[in-house]
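Please look at the sequence and the structure first.

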Amino acid sequence: MIFWGGATAASQYEGGFAEKKGMDTQDCRPYLPRSNNATVQTRLLSQQTIDEAKKNNDQIYYPFRVGAKGYEHLEEDLNLLKELGIQIYRFSLSWTRLFPKGIEEEPDKDGVRYYDQIFEFCKKNKIKIFLTMNHYAVPLYLVEQYGGWTNRLMIQYYLNLAEFVFKHWGEYVDYWLPFNEINAGYFSPYNGTGLVKPEDRAYSNQKVFESLHHQFIANAKTIQLAKKLKVRGQFGAMISCFCYYPLTSKPEDNFKLVKEEQINQWFCSDVLMKGQYPYYMESFFEKNNVDLKITENDKQILREFPCDFISFSYYSSSVVTTEEAEKTAGNLVVTTKNPYLKASEWGWQIDAVGLRTTLNKVYDRYNCPVIISENGFGAKDVLVNKQVHDSYRIDYFDSHFKEIIKAKKEDGVDVRAYIAWGIIDIVSAGSCEMDKRYGVIYVDGDNEGNGTYHRYKKDSFYWYQEFIKKQNERKRI
């Protein structure tokens, strides 16, 4: 049985920045008009950029402070998700909506009430909850005062958040995810760890892997705490998957593929799923001058508290080569262009078979339940007469859903859930745009925060709604 659902992320969806919410790292990312380098510039922020963001300069637009205005439209949005018929909803908590600086002993009551509505609605309507406890956004206070995840103190501050969440909402959650796309900490360090861009790359590598190590320990200690408190639900790891192909049959291309997969895709999930650092990281750390102070207690906690399931995001496949070749964009990384695939307006290569391939690879590696925690098609939708005719998104869903079902029925992969990304239009985490839309529900807002923010059902809404109904009918037969 596969649960079919949708997802949002607090920083991209909620807005409500003025509602007693503390500033986090995503609130500091400005909108930059689309260019070849805009996405990179908004992912590698300097201290100067953060200082500018703290001034609240009206001349600069910070899209994550507005999001999709979900804070204002929550009841409407939840009812739309109910009408859609999703069986599982993935959402995240804003750390700074609950604990504005990240150090408070008690959470903000208004923040708690806001999330109460979501948990209670899902329970009442029998929608399973996949909760992301931290989705890229780190309290800015913790970054500036302690260096964010470079500091071991962050583990305890994170556990303080986790303990409140477990005690207050533990009964509601079916699937727990302590960290979103944890491998992004390597290739998108500002998003993944809140790490402000350093000038020296060697320094960057050291700080990046220190930060990731502290997240690994926080992940294991979170599971330990949950078991102590007898919290229901399963705990998972999540990585961003790229489904690498070699450009040619050259042995060098294939070997490079293996090494790219190890560091970009498998490293973090190997630690969290297998409970230890993989062998291949020893040589990588040596070559990149990384020296982690891993204690015996660290090794023990990782070994004793691995994750129960593996989840991943997948949008497009990637190509690896040792030679110079034409490049194109992808989720979080730039890749070599695949001559056999079409691409979206943003250059992401559309590859439904790659999703089936990834499901097989992930299941083969970890032999545990698998959840597709993010997938979807980003496009510049056009609203005409309160309608959006997004046949391209329907085609994307249809081709990918067929491959998921093949992986489940023909290949025997234990696929537990599919979760469509940005089920309601939200600000893109990559490019800080509203124009790059994934939802089946259109939100009338533009890249600079203009618009009514009214909600409209796209053609894909009705298609996905009918698809879920048919899946439910087949289960009853």
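The questions and answers below concern this predicted model and take up salt bridges, the nonpolar core, helix packing and backbone angles in turn.

Q: How many salt bridges does the structure hold?
A: The criterion applied here is a side-chain nitrogen of Lys or Arg within 4 Å of a carboxyl oxygen of Asp or Glu. By that criterion, the number of salt bridges in the structure is 35.

Q: How many residues apart are E83 and K457, whose side chains meet in a salt bridge?
A: The N to O distance between the side chains of E83 and K457 is 2.7 Å. E83 belongs to helix α4 (residues 70-84), while K457 belongs to strand β14 (residues 455-457).

Q: Which helix holds both R113 and D110?
A: The side chains of R113 and D110 form a salt bridge with an N to O distance of 2.3 Å. R113 is partly exposed at a relative accessible area of 48%, and D110 is also partly exposed, at 25%. The two residues are three positions apart, about one turn of the helix, and the helix that holds both is α6 (residues 109-124).

Q: Are D425 and K458 buried or exposed?
A: The side chains of D425 and K458 meet in a salt bridge at 2.9 Å, N to O. This pair links distant parts of the chain, 33 residues apart, with D425 in the loop between β12 (415-420) and β13 (441-443) and K458 in the loop between β14 and α17 (459-476). Salt bridges that share partners join D425 and K458 with D381, D390, R393 and R437 into one network. As for accessibility, both D425 and K458 are buried.

Q: Which residues have the most contacts inside the largest nonpolar core?
A: In soluble globular proteins, nonpolar side chains tend to be buried together. In this model the largest nonpolar core has 157 residues, and helix α8 (residues 153-169) gives the most to it, with 11 residues. The residues with the most contacts inside this core are F209 and F267.

Q: Which residues does F209 touch, not counting residues up to four places away in sequence?
A: F209 is one of the two residues with the most contacts inside the largest nonpolar core, the other being F267. With residues up to four places away in sequence left out, F209 touches Y186, I263, F267, M281, F284, F285, V290 and L292.

Q: Is T336 buried or exposed?
A: T336 lies in strand β10 (residues 334-336). Not counting residues up to four places away in sequence, T336 touches L247, V319, T321, A325, E326, K327, T328 and Q349. Because its relative accessibility is 3% and the limit for the class is under 20%, T336 counts as buried.

Q: Are helices α15 and α16 roughly parallel or roughly antiparallel?
A: Helix α15 (residues 352-366) and helix α16 (residues 391-409) pack with their axes 8 Å apart, at an angle of about 30°. The contact is made by A352, V353, L355, R356, L359 and N360 of α15 and by S399, H400, E403, I404, K406 and A407 of α16, and the crossing is right-handed. Because angles under 35 degrees fall in this class, α15 and α16 count as roughly parallel.

Q: Is the crossing of α12 and α13 left-handed or right-handed?
A: Helix α12 (residues 251-274) and helix α13 (residues 280-287) pack at an angle of about 115°, with their axes 11 Å apart, which means that α12 is roughly perpendicular to α13. In this contact K259, Q262, I263, W266, F267 and D270 of α12 meet Y280, M281, F284 and F285 of α13. The crossing of α12 and α13 is left-handed.

Q: Is E181, with its positive phi, buried or exposed?
A: E181 is a residue other than glycine with phi near 30°, and it is found in the loop between β4 (175-177) and α9 (184-187). Since its relative accessibility is 4%, E181 counts as buried.

Definitions and conventions
Residues numbered from 1 in each chain as written. Predicted model: local features only at pLDDT ≥ 70, side-chain atom pairs only at ≥ 80, totals over all residues. Heavy atoms only, no water. Helix = DSSP H or I, 4+ residues; strand = E, 2+ residues; numbered from the N terminus. Buried < 20%, exposed > 50% of the residue type's maximum accessible area, 1.4 Å probe, protein only. Core = buried A, V, L, I, M, F, W, Y, C linked by side-chain atoms within 4.5 Å. Contact = heavy atoms within 4.5 Å. Axes fitted to C-alpha atoms, helices over the stretch in contact; angles between N-to-C directions. Parallel < 35°, antiparallel > 145°, perpendicular 65-115°, else oblique. Left-handed = near helix turned anticlockwise from the far one by under 90°.
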